Amino acid sequence: MSRTNVAILGLGIMGSGMANRLLSRKFPLAVFNRDREKCIPFAHAGAFVATSPREAASRSQIVLSMVGDDAASREIWLGENGALRGASPDSILIESSTLSRDWIAELAAQASERGCRFLDAPVTGTKPHAASGELVFLVGGLPEALDAARPVLSVLGREALHLGPVGSGTLMKLINNFVCGVQAASFAEALSMIDAGGLDRATSISILTDGAAGSGIVKRIAARIAANDFTPNFALHWMAKDLSYALREASARNISLETAAAALSVFQQTIAAGHGDEDFSAVSKLSGNRPNS
């Protein structure tokens with residue numbers, strides 16, 4: 001059975017998992033990453049290593065980007081050798097990074113001018129979900145474009161949820177991540193109170209995780225604390241970025257996200273303490289070290 005030619009732009013924690021999934025299912029794959037060292041394992045596995053996003057897109061019917069922020073996305077799509085310069089009309093362009101809605105709207109307009117179909121499709125899930133194909137895609141764009149992309153997305157994730165026009169997926173992802181960030185920050189502050197009050201930490205954490213407060217985020221952070229393992233599945237500085245994008249989007253709608261603003265402050269303090277490149281669960285390390293305000 002013939003397979004769609006796919007390009008993956010960005011081979012970080014998430015993009016590399018996606019690329020491996022496609023290669024395991026024998027999809028013809030082109031990859032691009034600014035650090036070419038990260039491309040070597042994929043070349044050995046049969047992927048074509050492109051010298052630029054433009055070259056990767058020129059070989060592909062579906063082009064998927066997974067990068068860190070608006071600036072990286074802009075460069076990979078619209079740079080001098082950006083993917084839009086190589087994309088053929090009617091190809092499907094998928095931006096799966098967590099970005100601002102303003103940038104997504106601009107990118108979608110540029111894609112339309114070139115005659116390409118565009119989906120914003122950020123994901124829920126982290127490193128293990130990307131590796132196992134258990135991501136959930138939050139999709140904005142035309143339903144027919146999503147239907148055409150489903151054979152690829154079904155390999156990468158367990159579900160692709162259509163949420164509305166372009167920008168809808170991005171909005172939902174920002175809402176999702178700000179809720180996660182607020183829970184993580186509040187748990188870090190709870191640990192500060194536990195420690196300052198002289199309570200047994202292990203017992204107190206078990207009360208929180210086993211009770212009404214025990215959300216998936218709280219349980220995940222508790223497990224990381226117990227293992228003393230903060231190897232990044234989702235880096236802390238990216239959570240801070242997502243909170244800032246959510247605040248910007250809310251402000252544009254005259255909504256004040258007070259809890260998100262407070263959470264961002266906690267994450268920024270944790271970054272200043274040197275934990276920005278660790279998993280976002282490392283926000284718990286700020287316990288007992290926060291200045292009084």
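Student: How many residues does the largest nonpolar core have?

Tutor: A nonpolar core is a set of buried Ala, Val, Leu, Ile, Met, Phe, Trp, Tyr and Cys residues joined through side-chain atoms within 4.5 Å, where buried means under 20% relative accessible area, exposed over 50% and partly exposed in between, with a 1.4 Å probe and protein chains only. This is a predicted model, in which local features need pLDDT of at least 70 and side-chain atom pairs count only at pLDDT 80 or more, while totals for chains, interfaces and linings use all residues. Residues are numbered from 1 along each chain as its sequence is written, and side-chain values use heavy atoms, without hydrogens and water. Met 18 and Phe 137 are among the residues with the most contacts inside the largest core, whose size is 35 residues.

Student: Which element gives the largest share of this core?

Tutor: Helices (H or I, at least four residues) and strands (E, at least two) are DSSP runs numbered from the N terminus. Elements that give two or more residues include strand S1 (6–9), helix H1 (13–24) and helix H8 (143–156). The largest share, 7 residues, comes from H8.

Student: Which helices do the buried residues of H10 pack against?

Tutor: In helix H10 (residues 201–210), Ser 204, Ile 205 and Thr 209 are buried. They lie on the same side of H10 because they cover an arc of only 130° around the axis, taken from the directions from the helix axis to the C-beta atoms. The face turned away from this buried side carries the exposed Ile 207 and Asp 210. Through contacts, meaning heavy atoms within 4.5 Å, the buried residues pack against helix H9 (168–196) and helix H11 (216–227).
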